[in-house]
Amino acid sequence: MADMTAGNYTGPAGTEGAAGTLTTADGKPLKAALNAAQSKARWRAFFLVAPLLAFVLFTFVAPIGQLLQRSVHNPGFTTHTDISSGTQTPIMVGLREWFDNNPLGTEPDEAAYAALAADLVVLRELKAPGSVGTRINYERSGSRSMFTKAARRAQKLEPPFKEAMLDLDEDWADPEMWAAMRGASSAYTFNFYLAALDMTRDVNGEITQVDPKRQVYVKLFQRTLFLSLLITFVCFVLAYPIAHLLATLPLRYSNLLMIFVLLPFWTSLLVRTTSWMVLLQSQGVVNDALVGANILADENRIQMMYNQTGTIIAMVHILLPFMVLPLYSVMRPINPSYVRAARSLGATSWTAFRRIYFPQTVPGIGAGALLVFILAVGYYITPALVGGADGQLISNLIAFHMQKSLNWSLAAALASILLGGVLVLYWLYDRLIGIDNLKLG
Amino acid sequence: MKKTLILTTALVGTAFAANAQEVTVMSWGGAYTKSQVEAYHKPFTAETGISVNSVDSDNPATPIKAQVEAGNVTVDVADVEFSDAVRLCDEGLLEEIDTSALPAAPDGTPASEDFIEGALQDCAVANIVWSTVFAYNKDNNPTAPDSIDDFFNTADFPGKRGLRKSAKATLEMALMADGVPAAEVYDVLETEEGVDRAFAKLDTIKDDIVWWEAGAQPPQLLADGEVTMSTAYNGRIFNAAVAEGQPLEVVWDGQILDFDLFVIPKGAPNKEEALKFIKFSTDTQRLADQASWISYGPARKSSGALVGKYSDGKTDMAPHMPTAEANLGNALVNNFEFWVDQDAELNERFNAWLAQ
């Protein structure tokens with residue numbers, strides 16, 4: 001609306017502007033009057049979209065901002081927040097000061113241990129040793145109880161503090177422990193991103209790979225990427241003929257078929273996933289039918305669930321409509337006479353398809369593939385239910401850290417990497433195919 | 001006329017105010033929540049007039065932490081595992097509970113002596129002793145397994161195995177099956193070699209494992225024939241076998257005992273009522289009552305004598321209790337301190353192992 005008004009007026013004003021200042025009937029300069037009129041239209045347009053804008057800011061931009069912030073910010077070692085009153089108290093002040101004054105690699109001396117002991121006394125009063133211990137436990141496991149135990153006895157510790165602390169637990173002298181505390185002494189850290197990429201910092205602060213027995217995230221990112229691409233491709237292969245059939249059949253048949261596509265689309269995700277469980281489990285419908293028909297022996301039932309196969313089958317089915325619908329909406333308006341013309345000019349049916357029909361459906365393929373892929377990358381419930389151990393995706397580990405280990409910073413780092421990865425792929429897609437070529441209908 | 005209207009409105013108002021007294025209790029769902037509703041919630045409402053909202057979770061410790069940290073607490077009482085109770089309390093997420101206010105046993109023994117050792121914590125009061133056991137489906141096992149070794153022996157006992165998708169209890173069972181005596185399990189598991197040994201044992205059956213997460217799943221998997229043996233919470237198997245008549249049997253060898261405790265999340269909206277609820281439901285009679293609905297042992301010594309028959313009136317509960325003498329032959333008591341410390345580390349390793 002605003003653009004149209006602008007288009008109508010700038011033309012004449014622009015051409016005649018050179019002749020001198022034009023004014024409106026009430027003597028205002030035309031340019032100012034025009035701007036005023038346009039800004040009114042712009043404001044009106046803005047107010048129309050304002051609710052949506054506010055909604056998107058509130059439900060999308062702000063949480064993502066918070067997520068990104070949480071992935072690099074964990075004040076577990078620096079600030080204590082009292083839950084009932086909300087008061088924030090800086091903690092581990094003495095020790096953090098010691099870290100500031102002594103560079104990496106300094107052997108912790110008596111002053112360091114004294115600062116630590118004094119800080120532990122404060123922790124005890126604040127009832128915070130558990131949360132501080134948990135923060136250090138993310139970097140070095142087994143540290144948590146060292147904090148809770150030491151804090152319980154901190155008041156009774158007497159100098160020399162180094163000896164007193166080592167009497168409590170020899171591990172207080174462990175260089176890894178000091179490296180972990182130094183790492184946590186700043187609330188802002190990239191350590192969670194390192195952890196999310198199976199890396200860690202050694203005692204000298206150098207970045208190294210974690211023990212191969214503990215590497216999991218990179219593998220899961222790769223698996224998620226691979227499975228999502230595979231699922232997208234399978235969806236494409238299955239959906240293309242269906243969409244073509246729907247687009248070319250007379251309307252009364254295609255409407256009926258369309259309902260078959262949409263019906264599962266309208267069914268709850270959980271219902272569809274659990275129905276797949278009923279079908280696929282080893283005592284399930286498919287296996288029972290195969291055994292009943294004597295195709296399979298009873299002891300050779302196929303394992304189709306609790307593994308990758310289950311994840312792929314269920315996800316392809318659930319995501320299929322997202323591929324069919326954009327393809328259908330692009331295929332429907334394609335004029336059949338183009339292909340006929342190609343055939344009459346001597347093209348084989350394959351050439352006509354390849355050079356005439358297929359290129360016209362590319363925008364639909366792009367839209368469908370992008371939709372399915374992006375949905376698949378973040379899929380969570382289906383792999384959790386039917387995926388078993390090797391059908392798990394990265395989102396299941398994000399859920400694990402959100403819900404079970406309660407390491408929200410690591411969950412945020414994993415989610416941010418996933419988000420970044422999807423944005424990179426989106427950018428690649430834009431470069432290769434062009435986002436303007438996307439067509440949903 | 002107008003007067004009556006005002007009067008009725010006022011009456012309705014007070015009625016609502018009285019009704020508004022309520023307490024929200026979060027537990028683990030299924031047969032376990034049912035036992036609590038029957039033994040605690042109903043009599044509590046009958047006696048005090050405070051209504052009880054029952055909500056469920058796969059593990060109440062998780063939503064509690066989320067709610068308290070987000071400052072939006074809707075749960076007043078939660079039923080959590082030992083290590084979670086200690087951890088949440090250390091992190092300042094729970095209200096402290098004055099355990100001296102708990103009622104004494106009928107014979108006058110104070111609560112502090114009546115509860116089993118460890119059952120009273122700064123922020124938590126235990127209600128039951130439960131255990132992770134393994135169970136099997138009698139229809140699908142021609143020879144009955146009778147030791148934890150048999151669970152890991154797929155050559156002589158073919159078929160799928162159900163295991164909880166978590167390092168806790170899984171690693172201990174693997175070590176016990178590998179010949180580590182119960183008393184040494186945690187010493188072994190503390191070492192790197194011990195952890196490797198547990199995973200090596202799990203490797204031998206990895207391809208045959210179906211992982212479960214909610215306590216209601218194992219009885220279902222066993223009854224469906226999806227697995228021939230599965231680890232499970234003992235009360236769930238009891239419920240499926242006795243109340244639903246499923247052909248399931250518990251093997252007590254290698255069981256791992258644990259507490260479930262009541263806690264009050266910090267900032268609970270009805271803290272007073274929550275305390276009242278905990279005092280009421282952890283008294284001698286109530287704990288004994290719960291044992292007549294599900295086979296978990298009461299956390300009070302004085303309740304033991306009152307445990308009688310299952311609610312069907314004919315099944316004796318005593319032999320189904322994890323704490324029964326005959327069931328303690330090779331039993332491990334979950335070391336909560338070990339898990340509070342090692343949970344993150346071992347689950348990380350466990351996840352990596354799963355993904356391999």
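This is a predicted model: local features need pLDDT of at least 70, side-chain atom pairs count only at pLDDT 80 or more; totals for chains, interfaces and linings use all residues.
Local features need pLDDT of at least 70 and side-chain atom pairs count only at pLDDT 80 or more, while totals for chains, interfaces and linings use all residues. Residues are numbered from 1 along each chain as its sequence is written, and chains are lettered from A in the order in which they are written.

**Exercise 1.** Determine whether the radius of gyration of chain B agrees with that of a compact globule.

*Solution.* The radius is taken over C-alpha atoms, and the globule rule is 2.2 Å times the number of residues to the power 0.38. For 356 residues the rule gives a value near 21 Å; chain B has 22 Å, which agrees. Next, the share of buried residues in chain B is 55%, where buried requires 20 or more other C-beta atoms within 10 Å of the residue's own, exposed 12 or fewer, and partly exposed lies in between, with C-beta atoms placed from the backbone.

**Exercise 2.** Identify the element of chain B that contributes the largest share of the side touching chain A.

*Solution.* First, 28 residues of chain B are in contact with 35 residues of chain A, contact being C-beta atoms, placed from the backbone, within 7 Å. Second, the elements giving two or more residues to this side of chain B are helix 3 (61–70), helix 4 (82–90), strand 6 (209–212) and helix 14 (336–355). Helices (H or I, at least four residues) and strands (E, at least two) are DSSP runs, numbered from the N terminus. Third, helix 14 of chain B supplies the largest share, 13 residues.

**Exercise 3.** Describe how helix 10 of chain B packs against helix 11 of chain B.

*Solution.* Two packed helices are described by the angle and the distance between their axes. Here the axes come within 9 Å and cross at roughly 45 degrees; they are lines fitted to C-alpha atoms over the stretch in contact, with angles from 0 to 180 degrees between N-to-C directions. Helix 10 of chain B is therefore oblique to helix 11 of chain B, since angles under 35 degrees count as roughly parallel, over 145 as roughly antiparallel, 65 to 115 as roughly perpendicular and the rest as oblique. Finally, P218(B), P219(B) and A223(B) of helix 10 meet R236(B), I237(B) and A240(B) of helix 11.

**Exercise 4.** State which residues of helix 10 of chain B are buried.

*Solution.* In helix 10 (residues 217–224) of chain B, the buried residues are Q217(B), P218(B), P219(B), L221(B) and L222(B). Their cover includes strand 4 (124–137) and helix 11 (234–243) of chain B.

Note on methods. Two residues are in contact if their C-beta atoms, placed from the backbone, lie within 7 Å.
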